[in-house]
Amino acid sequence: MTTYASSIDTPVGPLTAVVHESGALTHLLFAHQRVPADAVWDAQRCAPVAAQMREYFAGERTDFDLPLAPAGSAFQQQVWRELRGIGFGVTAGYGALAVRLGRAGSARAVGRANATNPIPIVIPCHRVVGSDGCLTGYAGGMEMKMALLRLEGIAIRDGRMPRLSKAA
């Protein structure tokens with residue numbers, strides 16, 4: 001199946017959208033990440049992603065309405081579905097996500113699935129933080145994670161949130 005890519009300029013730097021020929025988003029890549037070698041550059045095929053990203057960064061969109069097709073294991077897919085349930089301006093801890101998935105004690109596995117999310121921002125892995133409000137790693141870098149959280153109205157001081165927001 002052919003995939004199509006297009007660069008999207010955002011306030012946090014360029015992103016690259018990759019979609020299937022069906023239009024389903026498979027990847028949203030940060031500037032340092034590699035675009036699949038066989039992707040055909042086509043801004044028109046990626047236009048719905050670009051439009052929704054512009055709306056998000058303009059503060060006009062709090063939820064994405066795009067067809068998604070991230071490739072991953074059954075467990076990763078389960079975690080990514082749960083991430084989509086964390087609303088705009090809300091954060092959740094890894095342990096809390098594990099409990100919601102019925103896998104209490106598997107916070108590290110949830111963290112690993114979170115880290116391999118191929119569609120960040122749309123599948124909002126930036127909203128996952130440590131149980132004490134500490135900001136943990138992010139594929140786009142900590143500055144980007146902080147910028148995304150601040151865009152969503154979450155206060156951050158000294159690399160942590162003063163308190164965890166209520167989870168969705």
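This short talk walks through one predicted model, from its sheet to its cores.

Some ground rules. Residues are numbered from 1 along each chain as its sequence is written. As this is a predicted model, local features need pLDDT of at least 70, side-chain atom pairs count only at pLDDT 80 or more, and totals for chains, interfaces and linings use all residues, while side-chain values use heavy atoms, without hydrogens or water.

Start with the sheet. Helices (H or I, at least four residues) and strands (E, at least two) are DSSP runs, numbered from the N terminus. Two strands pair if DSSP finds at least two bridges between them. Here, 4 strands form an open sheet in the order β3-β2-β1-β4, and the pairing is mixed. β3 (25–30) and β4 (40–41) are at the edges with a single partner strand each, so one side of each has no neighbour in the sheet.

Now look at β2, residues 15–20. β2 pairs with β3 in the antiparallel sense, over 5 bridges. Threonine 16 stands opposite leucine 29. Alanine 17 has leucine 28 as its bridge partner. The hairpin has 4 residues between these strands, and glycine 23 takes a positive phi near 100° there.

Is β3 mostly covered or mostly open? Mostly covered: 5 of its 6 residues are buried. Buried means under 20% relative accessible area, exposed over 50%, partly exposed in between, with a 1.4 Å probe and protein chains only.

Next, the helices. Helix α1, residues 47–57, lies across β1 (3–8), β2 and β3, at about 140° to β2. Axes are lines fitted to C-alpha atoms, for helices over the stretch in contact, and angles run from 0 to 180 degrees between N-to-C directions. Contact means heavy atoms within 4.5 Å.

Helix α5 spans residues 142–151, and its buried residues are Met144, Lys145, Met146, Leu148 and Leu149. Their cover includes β3, α1 and β6 (128–129). Just after α5, glycine 153 has a positive phi of about 85°.

Finally, the cores. A nonpolar core is a set of buried Ala, Val, Leu, Ile, Met, Phe, Trp, Tyr and Cys residues joined through side-chain atoms within 4.5 Å. Which members of the largest one touch the most others? Of its 38 residues, they are Leu28, Val49, Met53, Leu83 and Ile121. α1 gives the most to this core, with 5 residues. Beyond four places in sequence, the contacts of isoleucine 121 include Leu28, Met53 and Leu148. A second, separate core has 7 residues, among them Leu135, Ile154, Ile156 and Met161.
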